[in-house]
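This briefing concerns the structure shown below. It is arranged by topic for reading beside the sequence and the coordinates.

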There are 2 protein chains.
Amino acid sequence: MIISTRALEAHIGATVALRGWLLSKQVRGKLAFLGLRDGEGVAQLVCEARSLPEDIFASLGSLGLETPLEVKGRVVLPPGKTRPELAVSSLRASPCDPDYPIGRKEHGPDFLMEKRHLWLRAPRQAAILRIRSSLEFACEDFLHQEGFYRFDSPLITPTACEGTSQLFELDYFGKKAYLSQSGQLYAEAGIAALERVYTMGPCFRAEKSVTRRHLTEFWGVEPEMAHVDAEANMAFQERFIRAVLSKVAVEREQDLVELGRDPGSLEFGPGAFPVLLYDEVLALLAKEGREKPWGEDLSVEDEEVLTRLFATPIFVYKYPVACRAFYIEVDSARPELALASDCLMPDGFGEIISGGQRARDLGFLEARIAAQGLGRESLEWYLDLRRWGSVIHSGFGMGIERMLRWICGLHHIREAIPFARNPQRYSP
Amino acid sequence: MIISTRALEAHIGATVALRGWLLSKQVRGKLAFLGLRDGEGVAQLVCEARSLPEDIFASLGSLGLETPLEVKGRVVLPPGKTRPELAVSSLRASPCDPDYPIGRKEHGPDFLMEKRHLWLRAPRQAAILRIRSSLEFACEDFLHQEGFYRFDSPLITPTACEGTSQLFELDYFGKKAYLSQSGQLYAEAGIAALERVYTMGPCFRAEKSVTRRHLTEFWGVEPEMAHVDAEANMAFQERFIRAVLSKVAVEREQDLVELGRDPGSLEFGPGAFPVLLYDEVLALLAKEGREKPWGEDLSVEDEEVLTRLFATPIFVYKYPVACRAFYIEVDSARPELALASDCLMPDGFGEIISGGQRARDLGFLEARIAAQGLGRESLEWYLDLRRWGSVIHSGFGMGIERMLRWICGLHHIREAIPFARNPQRYSP
């Protein structure tokens, strides 16, 4: 019976087969230790000369890293060890080139990104990608349970409604088109049909700056809800984050531990996530020695200082209108404030979700579009959503790679996606 | 308590609230019948003059279609009717423009596509999109249960490895890039890390022809599996199709019925889906009066004739090598045959899945690439997957819109996606 490396513990004393790839080897006389990795993890294989045909044991020394292996043996838990090993009684290797380019020595990030198609196989990288898969599915699973419908917004769009500077331009049968930065405007069309929808797809941002936090192609989940105001939106986000992180913590406990991350740190106590008004945040920052004029958006450094003061995610609410996009609703009592919120992760991490209540009134939106000098024509269809059937509604967007970066404690976002794209790299 | 229109049946005799949009109205003296749609379906509202404030009843005549409504009343099942109605005791309408552009008269497809952001709300369109959501989630749910990891392949790619004629070209910071047609080659990198992966994302094809079956932007699910050969691949596809269709049939029974589709037609008997060899298919087609020379791919018309002969999906297996891409493995006994299969849906529908075993040997792939005159340089990373750790593996791709078109019995694929893109349309 072929089992996964992760199932070894449940088979101590039994004879099983494993199938995978050679990760490491040490041959010492009549004993060889091989590391075997498969899709779930890594197992230690113990090969004794007396237990294997002579030619097979002799061949171990020349096996190249990444050689496909199929082995049989008995699962043993050596005294003093915590993880079972396989005492190998048969081994079959498939052909493989020698000199696998990724070795045990340190490689620079450029080299590793150039070899990303192979680097993915490193146990740490594979663990991150398993966590990514669980994170994405947990998001969708929660939203389906909450009565949402998946609604795929288009990626090829005609509009450059917020300016073209951060858009990738495309030749669409001789016409100019742009890759979508967000599915939100389309999702707003979806809620008048289905009430609760989400998009789950790639987003494109032609930002020239290369940082540890940005990708030009990233994945976003963007729920949008009819009949939900800005405050109910934040309450929903809290439930979403708790449910998703909790599921990831359970499903990928071992991967998190192997990344040096305590799965318990993905769960927060019972108290609601604090909601801080923008005005309060300015006061808090001033106390920390960071005075800033009213009306400015929070910088990455501001968020870092702020989130070090909290042990749970926090919401920052009611940003100045000028800091937010044209479609955000304003506070009727203080129209200089937007009913927009960001959710910031603790430990200095910062923004993970941006959301808000969408403006409902046609005249208000028309004025905002004119004031910001946006292309009205390309937004006529969006204005139609306010002409007919306009209701209170809210939504938010979460970047998958940002959340994954927080979950895994990654220094750089390039490890949070199978093939990262930045202004300097779009291959392999 | 606000309930969904779909929950009315469970509340007969109770007083409930509904929230939605005005779909239709008929005012006859002291009686008005309103159709109310929400995210789940449609309910009939019965408004009697004696049960509502005078001004409210009087206002009903001037309510525009798509007016947001919140109503309360008692759920009643009138004698002789099968669907409950709401006897309205209170009604609140939000402002709405008159003259909703989509009326009860027939509109041409161009007009409806121009107003797609509103047309989505039509009960038939919303039902299709709910089925789409269930279909997509059923695919992912099944694959996660089967131990697959989601693996997001990049959309911006450097290669035009199969020629640029069907690729959308992109300006990537001054360099040429292309939108991906398929995640498969990247998924093949994923299996050496995670064994079983799938991509679920948009695919782009710059095909100039406008047909009922093609979109320039469509969604695909592409599972890829290590240690699986072409025949196990087909067996897996059969399980996948059965599980997904069966879940959709249960979850969206009412929507299917409303589209005039028998949910039972999504379930097939216990016998395995027939596997026909390409050679056998030629003989069958000849019997139907469609002689064709050995070596030619099946046309849409061939598939139509062929699938009318079967009541279940069928596989066509072992196509001529020349009909398939460079990466497909060949039959060692008859190297003119590719270990590739298509799954065709019955009733004249045709191809829904294309799959196959991938070539494992480096030398074979190099020869295929050279013979087809493909750009070797841009495929070096892909060849690396054969240099190190190459194992038997297979995979397949299913177009979401194609499957949805079969499920819903749609004449035209443009109804199978929220915002369809074809060579003539990329707005709204």
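The buried residues of α9(A) are covered by several elements of chain A, including β12 (275-277), α8 (278-287), β13 (314-317), β14 (340-345) and β15 (350-357). Buried here means under 20% relative accessible area, exposed means over 50%, and partly exposed lies in between (1.4 Å probe, protein chains only). Helices (H or I, at least four residues) and strands (E, at least two) are DSSP runs, numbered from the N terminus.

The model is predicted: local features need pLDDT of at least 70, side-chain atom pairs count only at pLDDT 80 or more, and totals for chains, interfaces and linings use all residues. Residues are numbered from 1 along each chain as its sequence is written, chains are lettered from A and ligands numbered from 1 in the order in which they are written, and side-chain values use heavy atoms, with hydrogens and water left out.

**Helix α9 of chain A**

- Helix α9 of chain A spans residues 300-307, and its buried residues are D302(A), E303(A), L306(A) and T307(A).
- These four lie on the same side of α9(A), because they cover an arc of only 115° around the axis. The arc is that of the directions from the helix axis to the C-beta atoms.
- An α-helix has 3.6 residues a turn, so residues three or four places apart point the same way.
- D302(A) also forms a salt bridge with R290(A), at 2.8 Å from N to O. A salt bridge is a side-chain nitrogen of Lys or Arg within 4 Å of a carboxyl oxygen of Asp or Glu.
- This pair links distant parts of the chain: D302(A) is in helix α9 of chain A, while R290(A), 12 residues apart from it, is in the loop between α8 and α9 of chain A.
- D302(A) is buried, at 3% relative accessibility, whereas R290(A) is partly exposed, at 28%.

**Overall form of chain A**

- Chain A has 12 helices and 16 strands.
- The C-alpha trace of chain A spans about 85 × 55 × 40 Å along its principal axes.
- Of the 428 residues in chain A, 57% are buried.
- Among contacts in chain A with a separation of 6 or more, 65% are between residues 24 or more positions apart. Contact means heavy atoms within 4.5 Å.

**Interface of chain A and chain B**

- In the interface, 90 residues of chain A are in contact with 90 residues of chain B.
- The two chains bury about 7800 Å² between them, and 64% of this area is on carbon and sulfur atoms. Buried area is the accessible area (1.4 Å probe) that two parts lose on being put together, summed over both.
- F173(A), W388(A) and Y426(A) supply 11% of the area that chain A buries against chain B, more than any other three residues.
- The interface holds 46 residue pairs in polar contact, both residues being at pLDDT 80 or more. A polar contact is a pair of N or O atoms within 3.5 Å; within protein, one must be able to donate a hydrogen and the other to accept it, and residues adjacent in sequence count only if both atoms are side-chain atoms.
- Helix α4 of chain A (residues 123-145) gives the most to the side of chain A that touches chain B, with 10 residues.
- That side of chain A has 46 nonpolar, 14 polar and 30 charged residues. Ala, Val, Leu, Ile, Met, Phe, Trp, Tyr, Cys and Pro count as nonpolar, Asp, Glu, Lys and Arg as charged, and the others, Gly among them, as polar.

**Salt bridges**

- The structure holds 76 salt bridges over all chains, and 6 are found across the interface of chain A and chain B.
- R132(A) and D152(B) are joined by a salt bridge between their side chains, at 2.6 Å from N to O.
- A network of salt bridges links residues of both chains, among them R132(A), E136(A), D152(A), R132(B), E136(B) and D152(B).
- In helix α6 of chain A (residues 230-251), R242(A) and E238(A) lie 4 residues apart, about one turn of the helix, and their side chains meet in a salt bridge at 3.0 Å, N to O.
- R242(A) is partly exposed, at 23% relative accessibility, whereas E238(A) is buried, at 12%.

**The surroundings of R121(A)**

- R121(A) is in the loop between α3 (116-119) and α4 of chain A, and is buried at 2% relative accessibility.
- Not counting residues up to four places away in sequence, R121(A) touches R37(A), E66(A) and Y100(A), as well as A192(B), A193(B), L385(B), W388(B) and G389(B).
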